[in-house]
Amino acid sequence: MTTVDLPLLPLGRGRDLGSERGVDCPGDLPPASDPDLVARARAARDALGDRAFVLGHHYQRDEVIQFADVTGDSFKLAREAAARPDAEYIVFCGVHFMAESADILTGDHQQVVLPDLAAGCSMADMARLRQVEDAWDALGAAGVAESVVPVTYMNSSADIKAFCGRHDGVVCTSSNAKRALDWAFASKDGTAAPDAMPTKVLFLPDQHLGRNTAVLEMGFSLDDCVVWDPHRPGGGLTEQELRDARVILWKGHCSVHGRFSAEVGRELRRTLPGVQLLVHPECRHEVVLEADLVGSTEFIINTVRAAPPGSIWAIGTELNLVRRLAAEHPEQQITFLDKTVCYCSTMNRIDLPHLVWALESLVAGTVVNRISVDADTEHWARVALERMLALPGV
Ligand code: SF4
């Protein structure tokens with residue numbers, strides 16, 4: 001099976017395979033109203049025993065996360081999957097790119113299942129391989145490709161990770177983006193011609209993580225960064241702008257974290273004395289500038305766990321996680337850094353009916369919704385992932 005090119009499928013279940021590929025379940029999906037769903041999930045989980053390992057992303061619904069053998073962010077979960085070589089089935093309650101990463105890092109004898117194939121990631125979908133290859137060709141035509149190192153965020157499809165592997169680039173997470181960029185900028189030292197232009201980074205697909213890391217952690221200026229728009233000829237940039245840039249940011253963003261605003265943060269400071277703003281680096285630059293603390297999902301969780309009673313937080317990350325933290329820490333005051341509901345709609349496609357369907361199918365001997373990355377893509381994506389794993393401190 002080859003890598004599946006899934007479109008973003010935010011709109012319910014459908015039968016138009018031309019526009020909603022992967023949405024239909026080839027079997028009987030239990031109705032959400034079935035009062036026995038929890039019992040059915042538990043029975044199927046027990047029947048599978050150690051043959052299955054269930055991973056749950058932090059942004060997942062409570063009804064699903066209760067069945068996870070381990071919870072974590074995308075990178076932690078991929079590593080957890082790789083550490084379970086005896087599990088025949090990895091059931092990934094997350095989104096498509098995460099299941100791909102698990103397939104890349106697990107053995108050929110293991111099968112990775114995504115309970116709903118429509119659980120994609122809007123950010124990952126913003127960088128398609130053909131678009132990135134076109135951008136690379138344009139960088140070559142502008143005479144800068146030889147100075148560019150591609151770096152992709154974990155939240156990208158396997159073929160984008162493979163692109164970075166093939167072009168001497170690396171994968172990063174929100175925890176190690178600075179280390180990956182340090183590595184990228186230094187990677188051409190000693191090999192570039194003496195008159196070569198300074199090394200540049202093409203950062204995919206999240207412009208905000210790239211900008212926040214380059215400017216706030218590495219000392220680049222906003223003027224050192226340009227944004228490549230894949231929907232405009234030449235990325236919307238002149239050749240001179242490409243030559244002058246140090247960081248070429250792909251025009252992608254997270255539809256959840258992109259919603260937070262600095263204005264709401266300032267308003268909360270007025271109405272909630274003592275509040276600390278704790279946000280994810282996928283938030284826009286002005287939000288991160290307004291924040292007290294910035295870090296990955298794991299950082300946010302660990303910060304709240306370590307905080308003293310009475311701490312007051314406004315947290316800028318996915319709402320399922322913020323609500324769970326608030327429930328786990330009644331001794332603290334935890335609010336959401338947005339006035340409206342802000343779930344990851346695609347992550348939420350994995351619901352209890354889909355989990356029950358996937359687990360019961362495995363019990364019956366049928367592997368449904370398998371995510372399998374083709375061998376060549378897997379090889380090069382693994383090259384880029386292993387470069388990240390070799391970074392100091394990772
Ligand atoms: S929260 Fe954002 S980056 Fe994460 S899976 Fe959802 S859309 Fe993608």
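## Ground rules

What you have here is a predicted model, where local features need pLDDT of at least 70 and side-chain atom pairs count only at pLDDT 80 or more, while totals for chains, interfaces and linings use all residues. Numbering starts from 1 along each chain, following the sequence as written.

## Domains and how they meet

The protein chain is assigned domain 1 (37-120 + 346-373), domain 2 (124-255) and domain 3 (257-336); such bounds come from an automatic or database domain assignment. Between the C-alpha centres of domain 1 and domain 2 there are 32 Å.

Eight residues of domain 1 are in contact with eight residues of domain 2 (contact: C-beta atoms, placed from the backbone, within 7 Å). On the domain 1 side, helix H3 (74-82) and helix H4 (96-105) each supply at least two of the touching residues. The largest share, four residues, comes from H4. Helices (H or I, at least four residues) and strands (E, at least two) are DSSP runs, numbered from the N terminus. Sorted by class, that side of domain 1 has four nonpolar, three polar and one charged residues. For the classes, Ala, Val, Leu, Ile, Met, Phe, Trp, Tyr, Cys and Pro count as nonpolar, Asp, Glu, Lys and Arg as charged, and the others, Gly among them, as polar.

## Around the ligand

The ligand is surrounded by 13 residues, the closest being Cys-121, Met-123, Cys-254, Val-256 and Cys-344; a residue is near a molecule if its C-beta atom, placed from the backbone, lies within 6 Å of it. The shell has eight nonpolar, four polar and one charged residues. Domain 1 and domain 2 both give residues to this shell, so the ligand lies between them.

UniProt, in an unreviewed entry, places the feature "binding site" at Cys-121, Cys-254 and Cys-344. These three span 224 residues in sequence, yet no two of their C-alpha atoms are more than 9.2 Å apart, so they gather at one spot. UniProt positions use the numbering used here, feature names are shortened, and annotations may be inferred rather than shown by experiment. As for Cys-121, look in the loop between E4 and helix H5 (122-125).

## Two open sheets

Strand E1 (residues 52-57) and strand E3 (residues 89-93) run parallel, joined by five bridges, and Val-54 stands opposite Val-91 in E3.

Four bridges link the parallel strands E10 (residues 276-279) and E12 (residues 312-316); Leu-277 has Ala-314 in E12 as its bridge partner.

Most residues other than glycine have a negative phi, and most peptide bonds are trans. Leu-204 and Pro-205, though, are joined by a cis peptide bond, with omega about -25°. Pro-205 sits in the loop between strand E7 (200-204) and helix H9 (207-217).

Asp-168 has a positive phi, near 60°, and is found in the loop between helix H7 (158-166) and strand E6 (170-172).

Note on methods: Two strands pair if DSSP finds at least two bridges between them. Two residues are in contact if their C-beta atoms, placed from the backbone, lie within 7 Å.
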